[in-house]
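This briefing covers aromatic rings, charges placed over rings, and a helix contact. Please look over the sequence and the model before reading on.

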Amino acid sequence: MADRQVLLQQLRYHNSFYLYEESCILDSIHRLKDNFPGAQFLYSMKCNPAGRVLDTVFSQGIGADAASLGEVDAAWKRGVSPDLIYFSAPARTEADLRAAWGRCVLIADSLHELEMIRRIDPCHRRAHQPRLHLCRRRGRGRQVRHRRGGPLERGSQRP
């Protein structure tokens, strides 16, 4: 636990502040890895982009779920492998995709984004085969999810 004097000193200068205990973050990561051996985890950077938190999380081999070019940059600058930075967000521009190209895995959220990616890499030198996840409505608003043409069983998850 943080030193009481440090907390009191911070209270003199700030009405409120966040306190993160690095050992608690590390314990949580170790529990996840112990309970799900072999799984690759992604940290949602939008939940807390604080530099020291990112340093701690990424030092444990956790990947990045990035929703903006700034988040891609933050993960990239901290040494996260491009194969472990997943960039997905609505309404990205072609400039965003070009700037992120080669530094992350781009997740196309629309056919329009697939077209932009085709313009960026017309020879498909670096593009991967897309995996499509379709949602179809059936009946009274229920969604039935399909993966690569086959139905997912209720309760199963996407890869």
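Is Tyr 20 buried, exposed or partly exposed? Tyr 20 has 41% relative accessibility, so it counts as partly exposed. The model is a predicted one.

**Aromatic pairs**
- The structure contains 2 aromatic pairs.
- One is formed by Tyr 18 and Tyr 20: the ring centres are 6.0 Å apart and the planes lie at 15°, so this pair is stacked.
- Tyr 18 has 70% relative accessibility and therefore counts as exposed.
- Phe 36 and Phe 41 have ring centres 6.3 Å apart and planes at 75°, which means the pair is edge-to-face.
- Phe 36 counts as partly exposed because its relative accessibility is 48%, whereas Phe 41, at 18%, counts as buried.

**Charges over rings**
- Phe 87 has the charged end of Arg 92 over its ring, 4.7 Å from the ring centre.
- Trp 76 has the charged end of Arg 103 over its ring, at 5.8 Å from the centre.

**Helix 2 and helix 3**
- Helix 2 spans residues 22-35 and helix 3 spans residues 51-58; their axes come within 10 Å and cross at roughly 35°.
- The crossing of helix 2 past helix 3 is right-handed.
- On the helix 2 side, the contact is made by Glu 22, Ile 25, Leu 26 and Ile 29, which meet Val 53, Thr 56 and Val 57 of helix 3.
- By type, the residues of this contact are 5 nonpolar, 1 polar and 1 charged.

Conventions
Residues are numbered from 1 along each chain as its sequence is written. This is a predicted model: local features need pLDDT of at least 70, side-chain atom pairs count only at pLDDT 80 or more; totals for chains, interfaces and linings use all residues. Side-chain values use heavy atoms; hydrogens and water are left out. Rings of Phe, Tyr and Trp (its six-membered ring) pair if their centres lie within 6.5 Å; planes under 30 degrees apart count as stacked, over 60 as edge-to-face and the rest as tilted. Buried means under 20% relative accessible area, exposed over 50%, partly exposed in between (1.4 Å probe, protein chains only). A charge sits over a ring if NZ of Lys or CZ of Arg is within 6 Å of the ring centre and within 35 degrees of the ring normal. Axes are lines fitted to C-alpha atoms, for helices over the stretch in contact, and angles run from 0 to 180 degrees between N-to-C directions. Helices (H or I, at least four residues) and strands (E, at least two) are DSSP runs, numbered from the N terminus. A crossing is left-handed if the near helix is turned anticlockwise from the far one by less than a right angle, and right-handed if clockwise. Contact means heavy atoms within 4.5 Å. Ala, Val, Leu, Ile, Met, Phe, Trp, Tyr, Cys and Pro count as nonpolar, Asp, Glu, Lys and Arg as charged, and the others, Gly among them, as polar.
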